[in-house]
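Hello,

Here is the structure for you to look over. My notes follow below it.

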Amino acid sequence: MNYQIELRHFIYFLAVAEELHYRKAAEKLFISQPGLSTQIKQMEGILQTQLFIRDKKKVRLTPAGAFLKGEVEFILNHLEQTKKQLKLIGEGHLGEIRIGFLGSAMQNVIPNLLLDLKEKFSFIHTSLEELSNRAQISAILRDKLDLGFVRLSRVPKGLKLKPVFEDTFSLVLPADHILNEKDFKSINQVATDDFILFSQDYSPQYYDTVLSICEDAGFSPNVSHKSVHAQTIFKLVENKLGIAIVPTALQYGFQMKVKFIELKKIKQRAILSMVWKEDNRNPALRNCMELLLKL
């Protein structure tokens, strides 16, 4: 019988690729396990390629299966997004822009962007998701985000990066810390304090930049805690579990018993950049890209 690949094959394949377990995948799809196995074997036969390695203990993706998993995730996500965009356009809107961002971007860049979009492109919907640098890049590559705001110096091929905001760094201390702005001379005055940093996985460039600030002052910081959220970092500082160095813009919007000393004389700056996919086909993004590039 001459079979052809159909959308259901991709859906069934992805369920097994995600679960790596036929029974769990079948339950997720609300079909029988033998029926699912038959569909996967049929798909492998059509493609003339083995997608899974199956034995009594476990199911694993072959190299071909691992490649196909990434492609199918992209295809199915793009189909879902196309349906969503069509619905919005059919209702008279210009579509939706999906935006990822680091927390510090919410202090100025994101609010300004949303206000400009509302004023000039009121029929464009926006969705926001706070994500790490790495998660944003992955989502943009897989067509799950249209635009990201990151702290990175380089991005994978196919993506465009443009700096949109330059900030200074500030030292974050407990409110009653002996050091204040008047007495502050150099970061080496806190060389013996414990430091609380954003996780290296959350923002490798930020982590390395903070280390370089300390190294330029002649010491390596003792990092006692790491977090991916500014509020958690400030709470730890408030409870005297360490001090921190953060982009200055992060001092706004938090009501905690901490104080900030801006590090005006150091060479390092916190650069926030916009990132997007060069071949992004979202009409909503294309319609307002000129506005975004003027940020």
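Which helices each supply at least two residues of the nonpolar patch? They are α1 (7-19) and α4 (63-90). Helices here are DSSP runs of H or I with at least four residues, strands are runs of E with at least two, and both are numbered from the N terminus.

Some ground rules. This is a predicted model, in which local features need pLDDT of at least 70, side-chain atom pairs count only at pLDDT 80 or more, and totals for chains, interfaces and linings use all residues. Residues are numbered from 1 along each chain as its sequence is written, and side-chain values use heavy atoms, with hydrogens and water left out.

The patch: Leu7, Ile11, Ile75 and Leu79 make a nonpolar surface of about 310 Å². Patch residues have over 30% relative accessible area and no salt bridge, and nonpolar side chains (Val, Leu, Ile, Met, Phe, Trp, Tyr) are joined within 5 Å. A salt bridge is a Lys or Arg side-chain nitrogen within 4 Å of an Asp or Glu carboxyl oxygen. Areas come from the Shrake-Rupley method with a 1.4 Å probe. Ile11 sits in helix α1. Ile11 is partly exposed, at 36% relative accessible area (buried is under 20%, exposed over 50%, partly exposed in between; protein chains only).

Next, the backbone. Phe30 has a positive phi, near 60°, and is not glycine. Phe30 lies in the loop between α2 (22-29) and α3 (33-47). Phe30 is exposed, at 77%.

Gln48 also has a positive phi, near 55°. Gln48 lies in the loop between α3 and β1 (52-54). Gln48 is exposed, at 74%.

Best regards

How values were computed
Buried means under 20% relative accessible area, exposed over 50%, partly exposed in between (1.4 Å probe, protein chains only). Patches are made of residues with over 30% relative accessible area and no salt bridge: like charges are joined within 9 Å, nonpolar side chains (Val, Leu, Ile, Met, Phe, Trp, Tyr) within 5 Å.
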